[in-house]
Amino acid sequence: MIDDQATCKPKGEPKFAGNGAEFRRTPLLAILTMEAVGHTMLQTLFIIALTFVVTTRSSAQGTDANPIYVDQGMDWTAAARADFYSRDQGSRLIALSWMQALKQKNGQPFLADGLSRYGYLPNPANTANLPVGFHASGPQDFQVVGMTCSACHTRQIEVDGKVYRVDGGPGLVDFYALLGDLDKAVGDLIASDSSLAPFAAAVLRSTTPDAADVADLRRQVDGWYLRFHTLMVRALPKSGWGVGRLDAVGMIFNRISGLDIGPPPDFMIPENMKTADAPVRYPFLWNSPRQDKTQWPGFAKNGNDILGLARNVGEVLGVFATFEPKRQGAIISFLDNNSTNFDGLSELENLVKRIGPPKWPWKIDAALATRGKVIFERDSAEGGCSGCHGIEDGEQRVPFIKTWRTPVQNVDTDTREYDVLTWKAKTGVLKGAFIPFATAPLKENDEIFNILAARVAAAPEPGSSDTPESLGLVRLPPTLQDLLTAFDTASTSEAIKTKRQGAERAFRSRLPPWGSYEARVLQGIWAPHHIFITAQFLRWRNCSSHQGSAYRNLALDGSTTLKTLVLLPPRSP
């Protein structure tokens, strides 16, 4: 593991650019001499990777459409990459014709720069000038723009004037700014008939469109804007998330509970939406299907395709998949007006399995590699890393296929991301829904985490005389039984246990301990993901060796940088 990740010295100064920030190398020993003896973990991270101070430059991540692709294994081919960049997973953000007709505040087309001003990377293969991770789905002239995994999980770096692409790395993108600007652009155009006119002419492809067509278009745009603007006003924090960061769990919860489960015609329950102010960095994707748990708070079981599907359904809902469940008597249909592309999600999971940890593309300093290996493999009590971040067998999910253990523990850091899991909301049309043999039926007001879990539904066992009304539950087919444990849900029905004691797999699931977060295997640590983003925003929260750090109590608002960390005086644990 260490050989491809240890510190070395590339020719030139590495720049990890992303919408206003770039990272430059600084002498290693200058950093280590500033560290107190008790900060071995921080030393280790700097030894394993390069160390940087932060300078600023008005530069976006995506300035070069022809990068050098870093070696990520033989399975990661050009065809796989192209598929990863554009695969439809069911996201439906906004009509393509609308987005093409929108204007920036400077009067330029909204798509003029292919969204590179937000850090998104150019995709020359896309004929609509959409960047990597954005696609247009549907018949010609009726296409809808959506997002896929690679929008937020592709990284680009520059070294000595050369640009390198790391697929599956966390993007230095500003999703907050994109959402805010899109909301503002649509709000401005519907402010008056005169501002709507050029937009209508462009969308309807007529300099003198029919008045009835313009009125119909306005109704459509007004309906879209009502839902989108309500979410933006209620969910986006005033201070922003920062480049390369997102409160994904908060936004998914807001989307499901606030936009999807209310009464028609708009399906909203606005009071369910809460400020999504717990941003974390985007994770790297390589090896992620092998973890036995996932999500920063470690609440999602992981390690097989069914559990991966459960995880990815939540993700696509967070990036604007259409989801409008409908109650039909005692049954809730989750598939009516549901844009989730299950085949696409399955293919994306298979693609992520093929992304290998990026290999260091320059010469390795063997002496530093050896030194880093020794420190990495120390016992955690002595400041080592492998106890939490090394490879060990995890929980068995599928016969003959091993997972990797993903420790989830409280290391005395901030709990804001974890606290999102305790949000409560009105359950709307999902009142009474549940995961069979896992959770109690949803109450009128319940935890949003349980609402997300209840996204899973199925029919009674064929030939059974039981009904949902008589049992208060339904049975999943054997191939989907792992969905019962997809999430460590916060409540379980004792009545369900009593009714089917011994006849089914009854258990009581629990969330991870309060304030706990996952610690992942750190293959590919050199690449701009763990060190460069985590250090920039000081999320030292995944290892017991981090406790007592002089830096763990610093403000986590995005203004604290690695330069701040380096210049602080050392402090004893």
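Start with the lining of the largest cavity: its residues divide into 24 nonpolar, ten polar and eight charged. Here Ala, Val, Leu, Ile, Met, Phe, Trp, Tyr, Cys and Pro count as nonpolar, Asp, Glu, Lys and Arg as charged, and the others, Gly among them, as polar. This is a predicted model, in which local features need pLDDT of at least 70 and side-chain atom pairs count only at pLDDT 80 or more, while totals for chains, interfaces and linings use all residues. Residues are numbered from 1 along each chain as its sequence is written, and side-chain values use heavy atoms, with hydrogens and water left out.

**Stop 1: the largest cavity**

Select His-153, Ala-248, Pro-283, Gln-295 and Glu-315. Of the 42 lining residues, these lie nearest the centre of the largest cavity. Next, colour H8, S11, helix H9 (305–318) and helix H10 (342–354), the elements that give two or more residues to the lining. H9 supplies the largest share, six residues. Helices (H or I, at least four residues) and strands (E, at least two) are DSSP runs, numbered from the N terminus.

The space inside comes to about 820 Å³. The chain holds six cavities of 30 Å³ or more. A cavity is a set of points, on a 1 Å grid over the protein atoms alone, where a 1.4 Å probe fits but cannot get out; lining residues have an atom within 4 Å of a point. Grid points are joined across faces, edges and corners, and a volume is the space filled by probe spheres set on the points. Why use a probe? Rolling one the size of a water molecule over the atoms shows where empty space is left.

**Stop 2: Gln-89**

Go to the loop between helix H3 (78–86) and strand S5 (94–95), where Gln-89 sits. Is Gln-89 buried or exposed? Gln-89 is buried, at 0% relative accessibility. Buried means under 20% relative accessible area, exposed over 50%, partly exposed in between (1.4 Å probe, protein chains only).

Now show the neighbours of Gln-89. Leaving out residues up to four places away in sequence, Gln-89 touches several residues, among them His-135, Met-147, Cys-149, Glu-315, Asn-341 and Leu-348. Contact means heavy atoms within 4.5 Å. Glu-315 is also one of the residues nearest the centre of the largest cavity.

**Stop 3: salt bridges**

Side chains of opposite charge can pair when their charged atoms come close. A salt bridge is a side-chain nitrogen of Lys or Arg within 4 Å of a carboxyl oxygen of Asp or Glu. By this rule there are 21.

Select Arg-92 and Asp-88. The closest N and O atoms of this salt bridge are 3.1 Å apart. Arg-92 is partly exposed at 25% relative accessible area, and Asp-88 is buried at 16%.

Move to Lys-426 and Glu-271, a salt bridge at 2.9 Å, N to O. Lys-426 lies in strand S17 (residues 424–426), while Glu-271 lies in the loop between helix H8 (248–260) and strand S11 (280–281). The pair links distant parts of the chain, 155 residues apart. Both are partly exposed: Lys-426 at 37%, Glu-271 at 47%.

Then pick Lys-293 and Glu-395, whose side chains meet at 2.9 Å, N to O. How many residues apart are Lys-293 and Glu-395? They are 102 residues apart, with Lys-293 in strand S12 (residues 293–294) and Glu-395 in the loop between helix H12 (386–389) and strand S16 (408–409). Lys-293 is buried at 16% relative accessibility, whereas Glu-395 is partly exposed at 34%.

Finish this stop with Asp-193, Arg-218 and Asp-222. Salt bridges that share partners join them into one network.

**Stop 4: two pairs across the sequence**

Find His-389 in helix H12. His-389 is buried, at 1% relative accessibility.

Then go to Asp-188 in helix H5 (residues 175–189). Asp-188 is partly exposed at 37% relative accessibility. Asp-188 and Lys-103 are 85 residues apart in sequence and 9.4 Å apart in space, C-alpha to C-alpha.

**Last stop: the whole chain**

Zoom out. The chain has 18 helices and 19 strands. Of its 573 residues, 58% are buried. Among contacts with a separation of 6 or more, 72% join residues 24 or more positions apart. Show the surface: the chain exposes about 23,400 Å², with carbon and sulfur atoms supplying 54%. Accessible areas come from the Shrake-Rupley method with a 1.4 Å probe; for residues, only the protein chains shown count as cover.

Conventions. 1 Å grid on protein atoms, 1.4 Å probe; cavity = no way out; pocket = protein on both sides within 12 Å on 5 of 7 lines; lining within 4 Å.
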